[in-house]
Amino acid sequence: MGFHVYILYSPKFDKYYVGQTMALTNRLDRHNSGLVKSTAPYRLWKVVWTTEKDSRGEAMILERKLKNLSKARLQKFIEKYSGNPDDGSTISGC
């Protein structure tokens, strides 16, 4: 099992959050139930992009790079690597 790097979006607050985990569904549940202090005020979150890496080290490197992007550059990244939802592709990248 690999490590997921993910980008969450809070539509209500127009805010992004970048993270990494081994269990994406469980982690999203933790974010949306308020158990993660840094994301609790901005609930509810939805996954807008994710990819899988072979090691935690690789996931942490990508997570750090994504966290250093401005909001505008992060939005461009999501658009570029998410694919077109109408073409049946899944949300993934890198």
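I start with pairing: two strands pair if DSSP finds at least two bridges between them. Strands (E, at least two residues) and helices (H or I, at least four) are DSSP runs, numbered from the N terminus.

**Entry 1: the model.** I note that this is a predicted model, where local features need pLDDT of at least 70, side-chain atom pairs count only at pLDDT 80 or more, and totals for chains, interfaces and linings use all residues. Residues are numbered from 1 along each chain as its sequence is written, and side-chain values use heavy atoms, with hydrogens and water left out.

**Entry 2: the sheet.** I looked up the strand order. The sheet is open, has three strands in the order S2-S1-S3, and pairs antiparallel. Strand S2 (15–21) and strand S3 (46–53) are at the edges with a single partner strand each, so one side of each has no neighbour in the sheet. I then looked at the pairs. S1 (residues 3–10) and S3 are joined antiparallel by seven bridges. In this pair, Val5 is opposite Thr51 of S3, and Leu8 has Val47 as its bridge partner. S1 and S2 also run antiparallel, with seven bridges. There, Ile7 faces Val18 of S2. Four residues lie between the strands in the hairpin of S1 and S2, where Asp14 takes a positive phi near 50°.

Entry 3: Not counting residues up to four places away in sequence, Ser10 touches Lys15, Tyr42, Leu44 and Trp45 (contact means heavy atoms within 4.5 Å).

**Entry 4: the pocket.** I looked for open space next. A pocket is an open set of points on a 1 Å grid over the protein atoms alone, where a 1.4 Å probe fits, with protein on both sides within 12 Å along at least five of seven lines; lining residues have an atom within 4 Å of a point. Of its ten lining residues, Leu66, Leu69, Arg73, Phe77 and Tyr81 are the closest to the centre. Helix H2 (56–67) and helix H3 (71–82) are the elements that give two or more lining residues. The largest share, five residues, comes from H3.
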